[in-house]
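Let's walk through this one together, starting with a loop and ending with a pair of helices. Have the structure open as you read.

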Amino acid sequence: MKRSILFDTETTGLDPANGDRVIEIAALELIDDLPTGQHYHVLVHPDRDIPEEASRVHGFTLADLEGKPRFHEVAASFLDFIGQDDMIAHNARFDFGFLNAELQRAGLPVLALERMVDTLDIARERFPGLPNSLDALCRRFSIDLSARTTHNALLDCRLLADVYLELRGGRQRGLGLTVEDGGAVQATYSYAGAAARVPRPIVPSETELAAHARFLEKIKDPIWSA
């Protein structure tokens, strides 16, 4: 069982080296690439202004964050949630850069880059030369974008969880063969989030089995009877 953390941040701008700060953190727990329903979400007061161009992207103004905790006040709970597991984000270098700047400012150890899984890198490798923004990938995989009017970190995490699953091979998780009572072979599929499937074993009649045996007699040196 593999645990990983899919996360996103919203910020006051594009560069922590220029004083931009984190204002929202959202993270989802994944087990074997599937969301468990456990999540972490917090709004953070940045101790600075939020430029109008940034507010147009994520929808937050400084007034929305009055009374919210500072990063150093939520750092322990965030680190406890993420543990030591891999961390998945779209354009992960951006989010790692901001979180590490905040952790460094709080006097805490930074996140190791070895933990980083960047879905943008995965998408570029799979779809070279095509648009690979989160919106573009959602449209490519027919994932509903109707609720995404601004860059809300928690919503973006939930969308990215669906995108990540598709990038990892889609919603079909496996194919298995089982033998039912009486010897009938049944194919079983497992899908992420799918309801339980009703077994429908196909049992050949005696007439069909006899016809099959006569057909096999016509095959010269069949490999299964060697």
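Start with Asp-32, which sits in the loop between strand S2 (22-31) and strand S3 (34-43); strands (E, at least two residues) and helices (H or I, at least four) are DSSP runs, numbered from the N terminus. This is a predicted model, where local features need pLDDT of at least 70, side-chain atom pairs count only at pLDDT 80 or more, and totals for chains, interfaces and linings use all residues. Residues are numbered from 1 along each chain as its sequence is written, and side-chain values use heavy atoms, with hydrogens and water left out.

Asp-32 isn't a glycine, yet its phi is positive, near 50°. With a relative accessible area of 39%, Asp-32 is partly exposed (buried is under 20%, exposed over 50%, partly exposed in between, with a 1.4 Å probe and protein chains only).

Now hop to the loop between helix H5 (134-140) and helix H6 (153-167), where you'll find Ser-142. Ser-142 is another non-glycine with a positive phi, about 55°, and at 69% relative accessibility Ser-142 counts as exposed.

On to the helices. The axes of H2 (residues 71-82) and H3 (residues 92-105) come within 10 Å and cross at roughly 115°; axes are lines fitted to C-alpha atoms, for helices over the stretch in contact, with angles from 0 to 180 degrees between N-to-C directions. That makes H2 roughly perpendicular to H3 (65 to 115 degrees).

Who touches whom? Phe-71, Phe-78 and Leu-79 in H2 meet Leu-99, Glu-102 and Leu-103 in H3, contact being heavy atoms within 4.5 Å.

Key:
Angles under 35 degrees count as roughly parallel, over 145 as roughly antiparallel, 65 to 115 as roughly perpendicular and the rest as oblique.
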